[in-house]
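Student: I have a structure open and want to learn how to read it. Where do we start?

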Amino acid sequence: SHKIGVLAIRARQQIGDWTSRNQDELCLKNWIAGDCIGIPPFNTLAFDALSGVELHKASRLHAIHEFKEMLAEPPLWPSKHRSLDKTRLRVGYLTADLRSHVIGRLMGPVLQASQQRNHDVIVYDIYPDEQNSLRSQIEPHITAWKNIAQLSWREAAEVIAADEVDVLVDMTGYTAYGKTGILAYRPSPVQVNFLGYPATFGNPQIADYVLADEVVVPSTHFEHFAEQVVWLKGSFMPPVKLEEALPIRQRMEFGLPDDTLVLAAFHNGYKLTPAIFADWMWLLQQLPKAVLWLLAPSAMMQKRLLDRVDDAGVDVERIIFYQGGSYIDYLSALAVADLFLDAQPYGAGGTSRDALLVGVPMVTVLGDRMCGRMAASACIEQGVSECVAPSRAEYRSHALNLANNELLRVDIKTRLVAQRS
């Protein structure tokens, strides 16, 4: 069964088992071509062999299967007669991630400033653990905060419809704790896909628009989306800023040698692929005094990665794992790196913003899908387009040039630090 196969592929992806990677990608391509249902869209995004059009089709098949009954029903919102003052727009944000999460870091300040705008804001929280939310920081600055995590999709949609929301923004999508099925009931006249899921929801009845920018979704990629693409000025990702001064940390505190070039690649394990890891091994071969600093995955994945390092003829002592910590600790760690290496085909989003925030140059690329162009969007908006390789084929040479050009890295860092104010 392809449904069992999808689960097995995802499990291998999570533990870094790439022994059957080519076969896994071929299976996914064949299942999508054969209109197979039951393939979670999020699980397809980090596979190089799948095109943007195939990713769109996987989302479309998922939406048809998961939301068929809801999409066939009349939408909830026309049955409601607005009693609110039409001069004030009412915007609802559906999210599981206003917590210690990248979306919380990006959107928290935006929502805290919402009182300055002439519209009402309601947060519909779908994360089950309210103790972990940013509610206490955000709620005083918005109209209302409602936790609807325990409600069914239908019940949650009815709550939103009763609130007479004009624009409903889904910031979780098909990621963990997402409840995009709520949108299938059409509780709002305008529904938007934004920030949390860097791909299409697969059906224009679920979301009318996706908020992007001309770098992250160029016009040539509009066919990857069921939604109408709306370009925001600059980057689609809200800017981040330092709320407090970073403590000055020494490399030795993180187990890093002082006299080396530190290449940081802080990515979730599922974003690592045989191709991008081979690129990083090539860089280490060209840069004998460099170390690769990875976000520590599971112990099982660490072992597999180190086996690949050994197979590449690179000393495993040159691979160092960052064990994580608080957000401030993580920013302080990023700040001691010389260069941040983006992943492909699913690259860094909020982490790219964080690296630029602390003044670390990066190497990224104009990828072939939205989730592979997020860092490029941030770099271009912040005026450091030198960090962006024009194509995937030029990733290695671009990274090597930045690694060897200390003057250019210092210039980029100086410009980035100057932007903080």
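This is a predicted model: local features need pLDDT of at least 70, side-chain atom pairs count only at pLDDT 80 or more; totals for chains, interfaces and linings use all residues.

Student: Which residues line the largest cavity?

Tutor: Among them are Leu 45, Gly 52, Leu 55 and His 56. The lining also includes Pro 198, Ala 199, Thr 200, His 224 and Phe 225. Arg 369, Met 370 and Cys 371 belong to it too.

Student: Take His 56. Is it buried or exposed?

Tutor: His 56 counts as buried, because its relative accessibility is 15% and the cut-off for buried is under 20%. His 56 sits in helix H3, residues 52-72.

Student: What is His 56 in contact with, leaving aside neighbours within four places in sequence?

Tutor: Thr 200, Gly 202, Glu 223, His 224, Phe 225 and Ala 226. Compare that with the cavity: Thr 200, His 224 and Phe 225 are among its lining residues.

Student: Now pockets. How much space lies in the second largest pocket?

Tutor: About 450 Å³. Its lining has 20 residues, and Tyr 93, Met 107, Val 110, Phe 194 and Leu 211 lie nearest the centre.

Student: Which elements each supply at least two residues of that lining?

Tutor: Strand E1 (89-95), helix H4 (102-112), strand E2 (119-125) and strand E4 (167-170).

Student: How do I read a helix with two faces?

Tutor: An α-helix has 3.6 residues a turn, so residues three or four places apart point the same way. Now look at helix H2, residues 21-33. Its buried residues are Arg 21, Asp 24, Glu 25, Leu 28, Trp 31 and Ile 32. They lie on the same side of H2, because they cover an arc of only 130° around the axis.

Student: Which exposed residues does the face turned away from the buried side carry?

Tutor: Asn 22 and Ala 33. The cover over the buried residues of H2 includes helix H1 (2-15), H3 and helix H8 (274-286).

Student: How does the span of H2 compare with what 1.5 Å a residue predicts?

Tutor: The two agree: the 13 residues of H2 should span 18 Å, and the end C-alpha atoms are 18 Å apart. Just after H2, Asp 35 takes a positive phi of about 60°.

Student: Which other residues have a positive phi although they are not glycine?

Tutor: Tyr 177 has a phi of about 70°, and Arg 186 has one of about 50°. Tyr 177 is in the loop between E4 and helix H7 (181-184). Arg 186 is in the loop between H7 and strand E5 (190-193).

Student: Are these two buried or partly exposed?

Tutor: Tyr 177 counts as partly exposed, at 42% relative accessibility. Arg 186 is buried, with a relative accessible area of 12%.

Student: Where is there a cis peptide bond?

Tutor: From Gln 344 to Pro 345, with omega near 5°. Pro 345 lies in the loop between E11 and H11.

Student: How many residues does the largest nonpolar core have?

Tutor: It has 141 residues. Trp 280, Leu 292, Trp 293 and Leu 341 have the most contacts inside it. Beyond four places in sequence, the contacts of Leu 292 include Phe 277, Trp 280 and Leu 341.

Student: And Phe 277, where does it lie?

Tutor: In helix H8. Phe 277 is buried, with a relative accessible area of 2%. Residues that Phe 277 touches include Trp 18, Leu 292 and Leu 305, not counting those up to four places away in sequence.

Technical notes
Residues are numbered from 1 along each chain as its sequence is written. Side-chain values use heavy atoms; hydrogens and water are left out. Helices (H or I, at least four residues) and strands (E, at least two) are DSSP runs, numbered from the N terminus. Buried means under 20% relative accessible area, exposed over 50%, partly exposed in between (1.4 Å probe, protein chains only). Contact means heavy atoms within 4.5 Å. A nonpolar core is a set of buried Ala, Val, Leu, Ile, Met, Phe, Trp, Tyr and Cys residues joined through side-chain atoms within 4.5 Å. The expected span of a helix is 1.5 Å times one less than its number of residues. The arc is that of the directions from the helix axis to the C-beta atoms. On a 1 Å grid over the protein atoms alone, a cavity is a set of points where a 1.4 Å probe fits but cannot get out, and a pocket is an open set with protein on both sides within 12 Å along at least five of seven lines; lining residues have an atom within 4 Å of a point. Grid points are joined across faces, edges and corners, and a volume is the space filled by probe spheres set on the points.
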